[in-house]
Amino acid sequence: MRFAVTRACGGGGGRARAGALYIGGSTTAPIETPSLLILTRKGLPTFVSCDHLAALPTPDSLLLHVSPLHFLDCPSSKTISNIGGLHQMLGLHEHFFVAAPRDSLESLPESEGTNKLGASFETPCGRRLIKPSAYVEKIASLKPNLWASMADEVPAWVSDKRNKTSVDRTLRWLDECLALDPAGGKTMLGVVVGGSNIEERKHCAIEVATRNVSGFWIGGFGLGENVEERSALLNVVTDNLPEEKVRFISGLSLPEEVLQGVASGIDLFDSTYIYHLTLGGFALIFPFKILDHNNLDFQLDDTVGDRTKINLRATIYRKDISPIVANCSCFTCQNHTRAYINHLLNVHEMLAHILLEIHNTHHYLGFFRAMREAIKGGKFDLFRQRFVESRRIHLTSAVLCS
Amino acid sequence: MEPLSRPRTPSFILGFSRRESFRSPTAKGEGERVGVVQGVRASYFLFDIKGCDFTLGKFNRARAARLTLPHFICQTPLFMPVGTQGTIKGLTNNQLEEIGCQIILGNTYHLALRPSAELIDDLGGLHKFMNWKRALLTDSGGFQMVSLLHLADITEQGVTFQSPVDGKPMLLTPEESIQIQNKIGADIIMALDDVVKTTITGPRIEEAMYRTLRWIDRCIAAHKRPDAQNLFGIVQGGLDPVLRDICVRGFVDRNLPGYAIGGLAGGEDKDSFWRVVAQCTAALPEDKPRYVMGVGYPLDIVVCSALGADMYDCVYPTRTARFGTALVPEGVLRLKNQAMANDERPIDSTCTCMVCRNYTRAYLHCLVTKDAMGSQLVSYHNLSYMMRLSKDLHTSLVEGQFPEFVQGFLRAQFPKGDVPEWVCNAMEVAGVDISTCCAPITS
């Protein structure tokens, strides 16, 4: 695995960078970063089957996030190994899996249960304590392309003492995982934690940077920290990590949060945004090619209060025979109408979620691509500013109208 | 699927317009052309399915046929997946095309409730609403009312029921059922019948049979689109051969485009079931399709096909999939079973569907009943299995290998030779020799 920074914004652009991740050997095209990791359940997207997954834009859609926590009970590590690991078991030979010991949907870290022996998670099968040795064994059977060592992630409100313990513990587990790793860290991502404490974050980052890992997973975010203080915390971490190794973060889901992470120098993001939108019946419509227009005068669509997404359950879509987004090339927009999805949602049919997840994933991948273009063009700050402004415009104009 | 050949009597098919192939990730570009019957004169074929060709292959009563419908040319015998509310649960249209699905069934009752027949009509019909390029069939709505609603009552006028939306009393008449189905726009529509459970006995059955005949005339009169939609009548009469005979003759007199055998698949014993099917298929005209409603299990489909039926529908394959049960040549595979947890084989080693090519039983065991993807994948496989069964039935008849196919099918399902007696009896009437599949009787 190799990572190279292809464009660093520097100066006014801050820490944002474009990169290339060579994850599949020298002959495969690299994955450009910043990139989205598609969320999976037991290795497969929630609703998008492999044939539809293959139809999403590549190579963007080749990166999948996987959580070993989904495989705690079955299949057994032995069976997974016999089958040949994740790629074989899921029939996804062209895709790349990045494993992290966190499932932001269902198996959140349970810091009160975590102790010196292992990390505790609230899973659908009850509270589970995972030891580093068991974790590495599961990873060995799954054979993901990249995997993060185990972490003691704590929410923002724990005491300083507990936070400090989490850093020490995480570093200890990192060393344990490294020692157990037959590949000697070549596919490992070292974990950086430290909660909301700037000093601890700095200390942890400096320590992890000295280990022989191939990249970094930044944990402990999306667990209740203040959005305003997040940038400072991210910056102190990335400032103390080597430039030429990839950085992956969990817990930053929304576009604004992703932009915040990119501005601090993060390369990979897993996000629960698509999942929550899909389940809620929402479809993304926000424009992301916002650098193409010179005028910042956004016309407000009469029917839509929120320019980000539409709620396809709403009755205004009952007879709307247009696609979710005009000119969107995803399967859903090429083949189905808002009216049909509205009907499917009203009658509680699974197809609604399949179609929505396809579109939302396609759309979000488009957002990431636009972000990369902006970075490569040296215009990331402008992109971020315009994007945030456009999302808020419906609020300000609503105020003006009242 | 064989390529489209020239229609046998080109005079009544004025032209084929090629539809755009479905824009899907795996569209092969070529494949089936959709034939659209344009501007057919009403007087020429008031109730006909154009170009019904039943001479592709026969074995005694069993037959392979080509059924030309406005939106698709189908090969029979065929199984129709049930897409109750305008979708097959968990599958996209291109996946259905991939596995060879030819017709989908839509439920008039559900669609009339949501999104309503008016809306479907306003948006150009169900084909356009769903973006399904192939054929559709709608049922009359009667069965759902009787089976789903507590206070449904049947009178000469129609079916009175309590609206599930607001509790108001409502009435579904034959006229209204046809009107709704005209708006939905399916290739085949079903007459409203007075359906009774086969487990009921007494004069109610006779009353229902005669009423069904009276209602078919009302349906025919109300049908506004005979050129674009083919009205099938449904033969009733319970398990009584005399009543069934009267009903069949009544329908045949009306010269409908096709005939369904209704009132079965409701819990009657199998011995009665096959006898009714056999009687009806013997009496119904050869040159019209026969549709056994609510069937079903692969074994039932094979038997009914041997007896001369052509079309089937059932929720079984998709419903059982959602409970984690997969259809295999040996019968069923219960993926939830603990024994599957370490089984590294695919569901069916003879199956070439997307699911069997990519996933093991062990992995599917983790997914089924817990994750939506589990439902999707097993549904996909089960429907593939049913499509393969349909195709095998058709092909074996065309190639003169029907008895061999039936024997192979039975041997796989009953390796010990314990073929049920009703199957043996039915096959005897069908003239299919299955003695090699049955273990010698120990007396």
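A residue counts as buried when its relative accessible area is under 20%. In this predicted model, B:G142 has a relative accessible area of 1%, which is under 20%, and therefore B:G142 is buried.

An unreviewed UniProt entry places the feature "binding site" at B:D139, B:S140, B:G141, B:G142, B:F143, B:D193, B:Q236 and B:G263. Of these positions, B:G142 is found in helix 5 of chain B, which spans residues 142-148; leaving aside residues up to four places away in sequence, B:G142 touches B:L172 and B:L192. B:D193, by contrast, has its place in the loop between strand 10 (188-190) and helix 7 (203-222) of chain B. With a relative accessible area of 8%, B:D193 is buried, and, with residues up to four places away in sequence again not counted, B:D193 touches B:S140, B:T212, B:W215, B:I234 and B:Q236.

**Helix packing in chain B**

Two packed helices are described by the angle between their axes and the distance between the axes. For helix 14 (residues 372-398) and helix 15 (residues 402-413) of chain B, the angle is about 145° and the axes are 7 Å apart. On the side of helix 14 of chain B, the contact involves B:Y385, B:L389, B:D392, B:L393, B:S396 and B:L397, which meet B:F402, B:F405, B:F409 and B:Q413 in helix 15 of chain B. The residues of this contact divide into seven nonpolar, two polar and one charged.

**Aromatic rings**

Over all chains, a search of the whole structure finds 19 aromatic pairs. One of them joins A:F367 and A:F387 in a tilted arrangement, with 5.0 Å centre to centre and 45° between the planes. This pair links distant parts of the chain, since A:F367 belongs to helix 12 (residues 350-376) of chain A and A:F387 to helix 13 (residues 380-401) of chain A, 20 residues apart. A:F367 is buried, at a relative accessible area of 0%, and A:F387 likewise counts as buried at 0% relative accessibility. A:F367 and A:F387 also belong to one aromatic cluster, whose members include A:F269, A:Y273, A:F286 and A:Y364.

Key. Residues are numbered from 1 along each chain as its sequence is written. Chains are lettered from A and ligands numbered from 1 in the order in which they are written. This is a predicted model: local features need pLDDT of at least 70, side-chain atom pairs count only at pLDDT 80 or more; totals for chains, interfaces and linings use all residues. Side-chain values use heavy atoms; hydrogens and water are left out. Axes are lines fitted to C-alpha atoms, for helices over the stretch in contact, and angles run from 0 to 180 degrees between N-to-C directions. Helices (H or I, at least four residues) and strands (E, at least two) are DSSP runs, numbered from the N terminus. Contact means heavy atoms within 4.5 Å. Ala, Val, Leu, Ile, Met, Phe, Trp, Tyr, Cys and Pro count as nonpolar, Asp, Glu, Lys and Arg as charged, and the others, Gly among them, as polar. UniProt positions are given in the numbering used here, feature names are shortened, and annotations may be inferred rather than shown by experiment. Buried means under 20% relative accessible area, exposed over 50%, partly exposed in between (1.4 Å probe, protein chains only). Rings of Phe, Tyr and Trp (its six-membered ring) pair if their centres lie within 6.5 Å; planes under 30 degrees apart count as stacked, over 60 as edge-to-face and the rest as tilted.
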